[in-house]
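Dear colleague,

Please find below the structure that I am handing over to you. My findings follow it, grouped by topic.

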Amino acid sequence: MQLYKNQQIKIYNSLTGKKEPFKSINEGYVGMYVCGPTVYSNVHLGNVRTFMSFDMVFRYLKHLGYKVRYVRNITDAGHLENDADVGEDKITKKARLEEIEPMEIVQRYTVDFHNVINTFNLLPPSIEPTATGHIIEQIELINAIIENGFGYVVNGSVYFDVHKYNETNDYGILSKRKLEDLIHNTRALDGQSDKKNPQDFALWKKAEPTHIMRWPSPWSDGFPGWHLECTAMSTKYLGNQFDIHGGGMDLKFPHHECEIAQNQAALGQSPVNYWMHANMLELNGARMSKSTGNIINPAELLSGKNNIMSKAYNPSVVRFFMMQSAYRSVLDLTDNGLLASEKGFNRLMNAVADIEKLKTANQTNFDIQAWKQSCYDAMNDDFNTPILIANLFEGVNQVNAIKEGSKTITTEDLKTLKDVFNIFVFDILGLKNNQESGAGTEKLSGAVELLIKLRQEARANKDFALSDKIRDELAAVGITLNDSREGTTFTTN
Ligand code: AMP
Ligand code: ZN
């Protein structure tokens, strides 16, 4: 029997504002779509937190026996500066500044993204589609939206008619905004005069002569609007209606609101049964964000090379820190928080090691089944990982009591105890038992820094064979060097 038949999950659905019992469209199967990164810069730890939250959801659904198709896209075109409808494409802008091809930018930061999420032990999704790989699907959707009367063409660009849509639908159903309030609060910006109303959003933009990333379409040589790619890719791989759609809280409006409108307008259906939004990671009390520069990169945190933290932290400690907070809560990244998590993580790993050495007796004098179910109950309650961790520490107390002889356990129950730790600590929370201490990490980082220095010297002496050898041999043992204008950093996996 599949576990999901006994373990009823409740999910907080942003669409209804309630925790609802989860029921998938097709029994035993779950379709989940999560908005992926725009690959124009190194991912920061805020991005990592959101993807980690959905990794934990993916892991739990799989553990319950669902066959999950998890689609997480790569945004490699169409995302303009300031998330707006005018301005330069984020990727093209970076390519222009670095004087390289946009696709070189895409490649560089896709590789960085994969390295980083690998370091934090995130599982790969089932499908990782790209926006540029789905231009035809996006053009088809625009055709349908125009045919159904919700899109209009101006000077080779196509816009979504929000006012028309709102006559028969509810624009604001997800973000709980009212169109009247939006009208009141939006200024018509220069360059948006093509639109009938400032609330309308772009489905297709005609490319300026300087815009490199462009495709032919019935309306102009141009590129698709940012919101459209997710509608195209989610419906292509998961169907017109699917179970779960996730992303960071900041994407609720306008991105996800527009996705719903596009689906309704093109396909006549609301696409998603459960909308999930992960909350923000903060640094110094403000949201971590590329645009404000309030960020710390994974490599800086893991190597200890930053001005904020007192030491280097192991990726599993960072993951444990993030899992100690519920995905819907704001989390502030602090040195004290990480230090406390490091202690907790080590205590948990010591207990995991101690289980192997426990002696058994002919009776168990605590209710192990109730404890096991309490771990499931925490996860079933909208993936409440902090409560799960508190319950796991109850288990740690039992392990210590058995070790000291004040409690006993049978052979069979010891196996259950071990299984529960394995399932929740490693399979679901995704921690790794690399009890590499902070000191170990610092030593590693010292050694790699030395190699980076030697490689720089080799390059200065034009000994490129040696410099490449250092890079390649480090890569072979899972250490990737990342060169940039500011110097070389490294990531481990
Ligand atoms: P982007 O590459 O900017 O489109 O962001 C990728 C994902 O990271 C999106 O789901 C964002 O909502 C999420 N994100 C961005 N900043 C943060 C943050 N400070 N905390 C958590 N998630 C974030
Ligand atoms: Zn999206």
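**Backbone geometry**

Asp382 is found in the loop between α12 (368-380) and α13 (385-404), where helices (H or I, at least four residues) and strands (E, at least two) are DSSP runs, numbered from the N terminus. This is a predicted model, in which local features need pLDDT of at least 70 and side-chain atom pairs count only at pLDDT 80 or more, while totals for chains, interfaces and linings use all residues. Residues are numbered from 1 along each chain as its sequence is written, chains are lettered from A and ligands numbered from 1 in the order in which they are written, and side-chain values use heavy atoms, with hydrogens and water left out.

Asp382 has a positive phi of about 55 degrees, although it is not a glycine. With a relative accessible area of 6%, Asp382 is buried (buried means under 20% relative accessible area, exposed over 50%, and partly exposed in between, with a 1.4 Å probe and protein chains only). Asn155, also not a glycine, has a positive phi of about 50 degrees. Asn155 lies in the loop between β5 (151-154) and β6 (157-160) and counts as exposed because its relative accessibility is 55%. The peptide bond from Phe253 to Pro254 is cis, with omega near 0 degrees, and Pro254 lies in helix α8 (residues 252-267). As background, most residues other than glycine have a negative phi, and most peptide bonds are trans.

**Salt bridges**

The whole structure holds 24 salt bridges, each being a side-chain nitrogen of Lys or Arg within 4 Å of a carboxyl oxygen of Asp or Glu. One of them joins the side chains of Lys195 and Asp85, at 2.9 Å from N to O. This pair links distant parts of the chain, 110 residues apart: Lys195 is in the loop between α6 (179-185) and β7 (201-206), and Asp85 is in the loop between β4 (67-72) and α2 (90-98). Lys195 is buried at 10% relative accessible area, and Asp85 is buried at 14%.

Lys415 forms a salt bridge with Asp419, with the closest N and O atoms 3.2 Å apart. These two residues are separated by about one helical turn, because they are four residues apart in helix α14 (residues 411-428). Lys415 is exposed, with a relative accessible area of 54%, whereas Asp419 is partly exposed at 33%.

**Helix packing**

Helix α11 (residues 335-355) packs with α14 at an angle of about 145 degrees, and their axes are 10 Å apart. Axes are lines fitted to C-alpha atoms, for helices over the stretch in contact, and angles run from 0 to 180 degrees between N-to-C directions. On the α11 side, Leu348, Met349, Val352 and Ile355 meet Leu414, Leu417, Lys418, Phe421, Val425 and Phe426 of α14, contact meaning heavy atoms within 4.5 Å.

**Helix α1**

Lys62 is found in helix α1 (residues 45-63) and counts as partly exposed, at 39% relative accessibility. Leaving aside neighbours within four places in sequence, Lys62 is in contact with Val68 and Leu123. Lys62 and Ile402 are 340 residues apart in sequence and 32 Å apart in space, C-alpha to C-alpha.

Yours sincerely
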